[in-house]
Amino acid sequence: MNAPHSSNWVNFTYVSFLAAVLMTGIGIFFLPTDLWAKGFLAMGTVMIIMSSINLTKTIRDNHDAERQQTSHEKA
């Protein structure tokens, strides 16, 4: 079984994610273009973030289900 992540690693992951979102938001805000283009980029960014979270959860769930099925077959 895998060891849990350290609290420093978990904090680093959250801070990195928030920094990336903040920097992307600031970049879109200061982009010299029309408001509709900024809105389109912001919606795309939100969709990429949501899709990434859903994808990682699905991959993790499939891996856990496969590992659980394998352990039941061994028993």
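The model is predicted: local features need pLDDT of at least 70, side-chain atom pairs count only at pLDDT 80 or more, and totals for chains, interfaces and linings use all residues. Residues are numbered from 1 along each chain as its sequence is written, and side-chain values use heavy atoms, with hydrogens and water left out.

**Stop 1: Trp-9 and Phe-12**

Searching the whole structure gives two aromatic pairs. The rule: rings of Phe, Tyr and Trp (its six-membered ring) pair if their centres lie within 6.5 Å; planes under 30 degrees apart count as stacked, over 60 as edge-to-face and the rest as tilted. Both residues sit in helix H1 (residues 7-29), three residues apart, so about one helical turn separates them. Helices (H or I, at least four residues) and strands (E, at least two) are DSSP runs, numbered from the N terminus.

Now colour by accessibility. Trp-9 is partly exposed at 45%, and Phe-12 is partly exposed at 49%. Here buried means under 20% relative accessible area, exposed over 50%, and partly exposed in between (1.4 Å probe, protein chains only).

**Stop 2**

Go to Phe-29 and Phe-30. Their ring centres are 5.0 Å apart and their planes stand at 85°, so this pair is edge-to-face. Phe-29 is exposed at 56% relative accessibility; Phe-30 is exposed at 61%.

**Stop 2: the salt bridges**

A salt bridge is a side-chain nitrogen of Lys or Arg within 4 Å of a carboxyl oxygen of Asp or Glu. The count is three.

Select Lys-57, Arg-60 and Asp-61, which are linked in a network of salt bridges. Asp-61 meets Lys-57 at 2.6 Å, N to O. Asp-61 also meets Arg-60, at 3.2 Å. Lys-57 and Asp-61 are four residues apart in helix H2 (residues 35-74), so about one helical turn lies between them. Asp-61 is partly exposed at 30%, Lys-57 is partly exposed at 44%, and Arg-60 is partly exposed at 46%.

Finish at Arg-67 and Asp-64. Their closest N and O atoms are 3.4 Å apart in a salt bridge. The two are three residues apart in helix H2, again about one helical turn. Arg-67 is partly exposed at 46%, and Asp-64 is partly exposed at 31%.
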